[in-house]
Amino acid sequence: MDKYISVKELEDAALEALPRAVRDYYKSGATEEYSLAENRRAFQRLRIRPKCLVGLKNCDLSTTVLGEKVTMPLGISPTAMQRMAHPDGETANVKAAEAQGVIYTLSTIATSSIEEVADAAPNAVKWFQLYIYNDREVTRKLVMRAEQAGFKALALTVDTPLFGIRRADIRNKFTLPSHLRLANFDGHMSTKIHNAGNGSGLSHYVEGLFDKTLSWDDIKWLKSITKLPIVAKGILRGDDAVKAVEAGCSGILVSNHGARQLDGVPSTIEVLPEIVDAVKDYNVEVYLDGGVTTGTDVYKALVLGAKMVFVGRPALWGLAVGGQDGVQRMLSIFRNELEYTFQIAGTPTVADITTDMVRHESAYSRL
């Protein structure tokens with residue numbers, strides 16, 4: 001794994017190794033993929049403003065998220081069906097997170113069960129990404145199992161009344177490979193993605209099972225059945241962030257679902273300041289994912305107010321290249337780049353980061 005010295009190199013190797021349908025499923029965005037590109041480009045339009053001669057001693061990346069100590073402000077986002085990337089799938093991913101001391105988020109639509117992931121890494125800080133199904137009993141049982149397995153939070157996806165138009169999946173008539181199953185379910189709900197017909201099997205699955213009628217009032221129902229903190233995942237507006245907090249959420253994950261839902265939405269780093277400002281008077285943490293591929297990306301998000309940054313696709317690339325070792329390599333690359341960024345920018349700890357450490361490129365346009 002040492003030959004890979006950037007996340008981009010892991011991505012290139014993974015895309016070369018994965019079967020076409022799996023590769024396209026993991027990497028694609030909605031329709032024209034404009035927002036997919038913008039997720040990355042927007043980071044490039046931000047400039048870091050280093051402080052000099054600050055008297056550096058030690059570099060400490062550690063922070064606390066929802067009361068849990070983590071070794072750096074980077075965690076792993078939920079991504080579906082990880083055994084398509086590697087036979088060990090989610091269990092390898094969570095073991096890597098445990099080894100590195102970071103948060104791992106398990107997808108509802110996983111190919112390893114809640115219990116398998118908990119057993120694989122009992123000491124990892126684990127969150128469970130939740131969809132709310134038409135059958136509320138299905139949702140209640142998922143939440144109960146996550147609690148019993150020691151998961152620390154629920155990441156409720158709020159941007160998915162249905163899945164976006166992903167043309168690659170339609171062309172490929174994407175289905176879950178026949179040797180795999182959705183491990184958190186029994187019966188037809190574990191295998192329905194195999195029966196795609198025309199178009200994407202995953203989209204057909206979602207249309208039949210996800211509850212499109214959800215409103216902020218349903219957060220109250222979710223809070224009534226769990227003691228776990230709820231993180232609203234998929235927020236892109238300040239007023240929605242306020243509604244989420246007022247409904248009882250403890251965290252806001254600024255996310256556009258990897259630009260896989262609706263093309264033409266802003267990048268997550270662009271809307272982060274609006275959301276941080278909207279909830280500044282509330283006791284709530286704000287996180288971000290989307291387009292993060294380097295340690296400097298993480299740093300820029302921290303400057304703009306994110307408490308934690310999450311990555312999804314980079315973990316898949318590491319998983320595809322080398323299983324647990326590949327994910328650990330990905331996390332090590334981020335850690336190394338982040339440590340260098342902290343020190344060269346003159347901010348040896350998270351607490352040293354101030355809002356004047358980043359400017360948009362337009363601030364320098366007069367030059």
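Arg313 is found in helix 14, residues 313-344; helices (H or I, at least four residues) and strands (E, at least two) are DSSP runs, numbered from the N terminus. This is a predicted model: local features need pLDDT of at least 70, side-chain atom pairs count only at pLDDT 80 or more, and totals for chains, interfaces and linings use all residues. Residues are numbered from 1 along each chain as its sequence is written, and side-chain values use heavy atoms, with hydrogens and water left out.

Leaving aside neighbours within four places in sequence, Arg313 is in contact (heavy atoms within 4.5 Å) with Tyr26, Lys27, Ser28, Leu36, Thr79, Gly258 and Arg260.

Next, the annotation. UniProt, in an unreviewed entry, places the feature "binding site" at Pro78, Thr79, Ala80, Ser107, Gln129, Thr157, Lys233, Ser255, Gly312 and Arg313. UniProt positions are in the numbering used here, feature names are shortened, and annotations may be inferred rather than shown by experiment.

Now Lys233, also listed in that UniProt feature. Lys233 lies in strand 8, residues 230-235. Is Lys233 buried or exposed? Lys233 counts as buried because its relative accessibility is 5%, where buried means under 20% relative accessible area, exposed over 50% and partly exposed in between (1.4 Å probe, protein chains only). Leaving aside neighbours within four places in sequence, the contacts of Lys233 include Pro78, Thr157 and Ser255, which are also in the UniProt feature. Asp159, His257 and Asp289 are among the other contacts of Lys233.
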